[in-house]
Amino acid sequence: MAQRGRASGRQTGRPAARPAAPAPARTAPAELAARRARLQAVIEPVVTETGYDLEELSVKQVGRRHLVRVIIDGDGGVGLDAIADVSRAVSRALDDAEASGRELIMGEYQLEVSSPGVDRPLTLPRHWTRNVGRLVKVKAGEKTLTGRVVDADDTGITLDVDGREHAFEYGALGPGRVQVEFKRMNEISDEELAEFDDDSSDDEEPDDGEPDDEGEER
């Protein structure tokens, strides 16, 4: 009597290679600039309404998605609670804009809101006024000076260099850089110090898991 059963077979040889997924098309710089302008029109009013300044907005393609980085600052600094509040407000504004039919950015994106690091160049009067009391390095004319900012207003700064005060108008100064003083490390937040350690992180693709504490994945 013939025996009935389930047919089976064994595949021999090397399995066929799966075709590689096509690399994502890179977005042209002009299109990235246009997307940044569209995003800024939505994001900047929200940041202003919360009482902060939009210091920087960048859009960068990372793999198959985009990283939208928003940097904010304020007269009293920016704490983690403020960053979370602004992040939620910006996210709502982007959702509302897209729901109304405005095309801001194609595909998935990650929103990251943060405060400036201590290595942020001081280029605007408000940057200088927010760093009164700190040691900075700045080029003034042909000289590079390191001194403490003792005063700053809308027209210029007063810099203490080796115990002597010098007044400069902003037009005579290049970008300033805050200098980290180890004896005053307690005045610098952990978030600012972290900026020195993540210079190479901009070139890394964010993982596909949970977003960072300061970011939202869309």
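**Salt bridges around Arg 120**

Q: Which residue does Glu 55 form a salt bridge with, and how far apart are the closest N and O atoms?
A: Glu 55 pairs with Arg 120, and the closest N and O atoms are 3.7 Å apart. A salt bridge here is a side-chain nitrogen of Lys or Arg within 4 Å of a carboxyl oxygen of Asp or Glu. Glu 55 sits in strand β1 and Arg 120 in the loop between β3 (109–114) and α3, 65 residues apart, so distant parts of the chain are linked. Strands are DSSP runs (E, at least two residues) and helices are too (H or I, at least four), numbered from the N terminus.

Q: Good to know. What kind of model is this?
A: This is a predicted model, where local features need pLDDT of at least 70 and side-chain atom pairs count only at pLDDT 80 or more, while totals for chains, interfaces and linings use all residues. Residues are numbered from 1 along each chain as its sequence is written, and side-chain values use heavy atoms, leaving out hydrogens and water.

Q: Back to Arg 120: buried or exposed?
A: Arg 120 counts as buried, at 17% relative accessibility. Buried means under 20% relative accessible area, exposed over 50%, and partly exposed in between (1.4 Å probe, protein chains only).

Q: What about the salt bridge between Arg 120 and Asp 73?
A: Their side chains meet at 3.2 Å, N to O. Asp 73 is in strand β2 (residues 65–73), 47 residues from Arg 120. Both residues are buried.

Q: Which residues are linked in the network?
A: Salt bridges connect Asp 53, Glu 55, Asp 73, Asp 75, Arg 120, Arg 126 and Arg 130.

Q: And how many salt bridges in the whole structure?
A: The search finds 11.
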